[in-house]
Amino acid sequence: MNLIMQARKKLTVYASALTLGVSAALAAAPAAAQDTVTWKVQSHWPGSSSSYTDSLGRIKRVLEERTDGRLKLQLYEAGALFKAKETFNAVSRGILEMGTISPSYAQDKVSLAGIASGLPFAFRNVWEAAYFHQNMGFEQMLRDEAAEHGVYWATDKVYPTEMVVKNPIESWEDFTSLKIRSSGALQNFLTEAGAAASYIPGGELYTALDSGIVDGAHWGASQGAYSMGLYEVAKYHVQPALNIAGTDVIIVSQKALDKLPEDMQKIVKDALNEQFWVRTNEYQYKERITLAKAIAEQEVQVNVLPDEVQDKLVATAQKMWDEEGKRSENAQKALDMLKSYLSDLGYL
């Protein structure tokens, strides 16, 4: 009898242990499924820039909502962790999981970066640049080159780059006397055209304009100028656009992306693809209303470049396009595709 009772006790203990183990496993399973991943994101935009909120803030919100909080983005404004031109390398090495850059900051790694930054006076409308990226395969070409460095490349938006200046440009002599804040291919172009172009980080731009270190600058177009306070010290908004291009890029560490579950990887890629269209369209809408607001409230004037100036800038620009094609076979392929496209549009 004692043996039977002892056996029953042992079975009861085993059953209880098994029940506790199963319960613990079931309790732990949802917790594991809900484990959160936090990505550090270094921006090239100062916190005051409109795109810091409209682009980076949006992608943070979208990813956190669509992953049910499993992926969180910790945002850092320009210069908080790395200099803007160091961000690509930091993402490439996996030190940062995500960042935003201008393509010009990665010209030493991505041979297509100069074309991505926007060849001056190429496109005349935003939709043309968007079509070139997404429908003609240029975006995939960029993505393939960046992938060689462990980076997933996603153009944030396509938009015009337009200058603001302290004094109106009414002649070629006015243009060539300018000191302009610029970057990348546009910096080379403006210098080649006869102005004195130099790079200044966004956080120092207002002071540089205010103090007279530069006479003009470009930071996006009207939204960038307004959000950075540039209209306070530079009252002339210059048109037409210097270029229309995918001048802002979201880059992701491929290592970080590969560590995510497959469903989250898809969410990230889908959200970035969607971001391009949402932000491109939203940016155009906000450009119109922001410039109108600047004209009404800050007495900003639109300075349309004289035909003489435009003609000389176009001639200089087209000579420089071929230089970008010399960077690599891939760059020449992209340039040939672009020229063919512009010819179809009747621009060449």
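How many nonpolar, polar and charged residues line the second largest cavity? The lining divides into 10 nonpolar, three polar and no charged residues. This is a predicted model, in which local features need pLDDT of at least 70, side-chain atom pairs count only at pLDDT 80 or more, and totals for chains, interfaces and linings use all residues. Residues are numbered from 1 along each chain as its sequence is written, and side-chain values use heavy atoms, with hydrogens and water left out.

**Cavities**

- A search of the whole structure finds three cavities of 30 Å³ or more. On a 1 Å grid over the protein atoms alone, a cavity is a set of points where a 1.4 Å probe fits but cannot get out; a pocket is an open set with protein on both sides within 12 Å along at least five of seven lines; lining residues have an atom within 4 Å of a point.
- The volume of the largest cavity is about 290 Å³. A volume is the space filled by probe spheres set on the grid points, which are joined across faces, edges and corners.
- Its lining has 25 residues, with Tyr-159, Trp-219, Gly-220, Thr-247 and Asp-248 nearest the centre.
- By class, seven residues of the largest cavity's lining are nonpolar, 15 polar and three charged. Ala, Val, Leu, Ile, Met, Phe, Trp, Tyr, Cys and Pro count as nonpolar, Asp, Glu, Lys and Arg as charged, and the others, Gly among them, as polar.
- Helices α2 (50–66) and α8 (184–193) and strands β4 (151–161) and β10 (243–253) each supply at least two residues of that lining. Helices (H or I, at least four residues) and strands (E, at least two) are DSSP runs, numbered from the N terminus.
- The second largest cavity holds about 80 Å³. Of its 13 lining residues, Ile-115, Gly-118, Leu-119, Phe-123 and Phe-132 lie nearest the centre.

**Helix α8**

- Seven of the 10 residues of α8 are buried, so the helix is largely enclosed by the rest of the structure. Buried means under 20% relative accessible area, exposed over 50%, and partly exposed in between (1.4 Å probe, protein chains only).
- The buried residues include Leu-186, Phe-189 and Leu-190.
- Just after α8, Gly-194 takes a positive phi of about 125°.

- The largest pocket has about 580 Å³ of space. It is lined by 26 residues, and Arg-124, Glu-162, Pro-240, Ala-241 and Ile-244 are the closest to its centre.
- Helix α12 gives the largest share of this lining, four residues.
- The lining of the largest pocket has 15 nonpolar, seven polar and four charged residues.
- The second largest pocket has a volume of about 200 Å³.

**Salt bridges**

- The structure holds 17 salt bridges, each a side-chain nitrogen of Lys or Arg within 4 Å of a carboxyl oxygen of Asp or Glu.
- Asp-54 pairs with Lys-286, with the closest N and O atoms 3.1 Å apart. This pair links distant parts of the chain, Asp-54 in α2 and Lys-286 in α12, 232 residues apart.
- Asp-54 is buried, at 17% relative accessible area. Lys-286 is partly exposed, at 21%.
- Lys-266 and Asp-270 also form a salt bridge (2.6 Å, N to O). Because they are four residues apart in α12, about one helical turn separates them.
- Lys-326 bridges to Glu-323, with the closest N and O atoms 3.1 Å apart.
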